Amino acid sequence: STAPLVIVAHPNAPFKDMQGLIAYAKANPGKLTVAGSSRGSNAHLGWELIKFAAGIDVQLVIYNGDPQATIDLMNAQYAALMASSTTKPYVESGKLTGIATTGRTPWSAFPTLPTVGEAIKGVELVGWYGIVAPPGTPAPVVAKLNEAFKIALANPEVRKKLLDLGVEPRTSTPEEFGAF
């Protein structure tokens, strides 16, 4: 499965999209404060990638998770947050503004938002999850496990639960996953 992230902003932020965020940051070097969760996390590294690729200087605040970061964003402690799908209810209610998602293609959790890559060519940041087995596991056992996971991921209830968690279910062959 894959897990993109979303960039959300306070509704009063001086930008409403990724191009606006970049333009504001370039016009005000070092004055835009953004946040992500957990040092070394995808959100932290995502902001570092955006800073580098867009050539912007922003102040990055690292939180220990999305909940407090989201509360502080809603209280206008800073302008934008890169987070998981936990921010979706706040975007839907208008308490936060959706800016962009970090995957290569639109994310089903935020289907109307553009991707960061539309504003900064080539930028993509997606976490992934996979099932692995110890080296030397017999091929028939690997094939049987792969088939069992494909069946589970085809179950509408399982798919819905994963999608509700912000995770996009994907299946592949052991060879495709190994190449990935």
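What percentage of the 180 residues in the protein chain is buried?

Author: Buried residues come to 38% of the 180 in the protein chain, where buried is under 20% relative accessible area, exposed is over 50% and partly exposed is in between, with a 1.4 Å probe and protein chains only. Bear in mind that this is a predicted model, where local features need pLDDT of at least 70 and side-chain atom pairs count only at pLDDT 80 or more, while totals for chains, interfaces and linings use all residues. Residue numbers run from 1 along each chain as its sequence is written, and side-chain values use heavy atoms, with hydrogens and water left out.

Now the rings. Phe, Tyr and Trp (its six-membered ring) pair if the centres lie within 6.5 Å; planes under 30 degrees apart are stacked, over 60 edge-to-face, and the rest tilted. That gives six aromatic pairs.

One of them is Tyr63 with Tyr78, a tilted pair at 5.9 Å centre to centre and 45° between the planes. Tyr63 sits in strand E4 (residues 59–63) and Tyr78 in the loop between helix H3 (66–74) and strand E5 (80–83), so the pair ties together parts 15 residues apart in sequence. Helices (H or I, at least four residues) and strands (E, at least two) are DSSP runs, numbered from the N terminus. Both tyrosines, Tyr63 and Tyr78, are buried.

Then there's Trp128 with Phe177, an edge-to-face pair with 5.7 Å between centres and 75° between planes. This one links distant parts of the chain, 49 residues apart: Trp128 is in strand E7 (residues 126–128) and Phe177 in helix H8 (residues 174–179). Trp128 is partly exposed at 47% relative accessible area, and Phe177 also counts as partly exposed, at 24%.

What about the nonpolar cores, meaning sets of buried Ala, Val, Leu, Ile, Met, Phe, Trp, Tyr and Cys residues joined through side-chain atoms within 4.5 Å? The largest has 26 residues, and Ile7, Phe15, Met18, Leu21 and Ile50 touch the most other members. Among the elements giving two or more residues to this core are strand E2 (6–9), helix H1 (18–27) and helix H2 (42–54). Tyr63 turns up again in a second, separate core of 14 residues, which also includes Ala69, Leu73 and Leu96.
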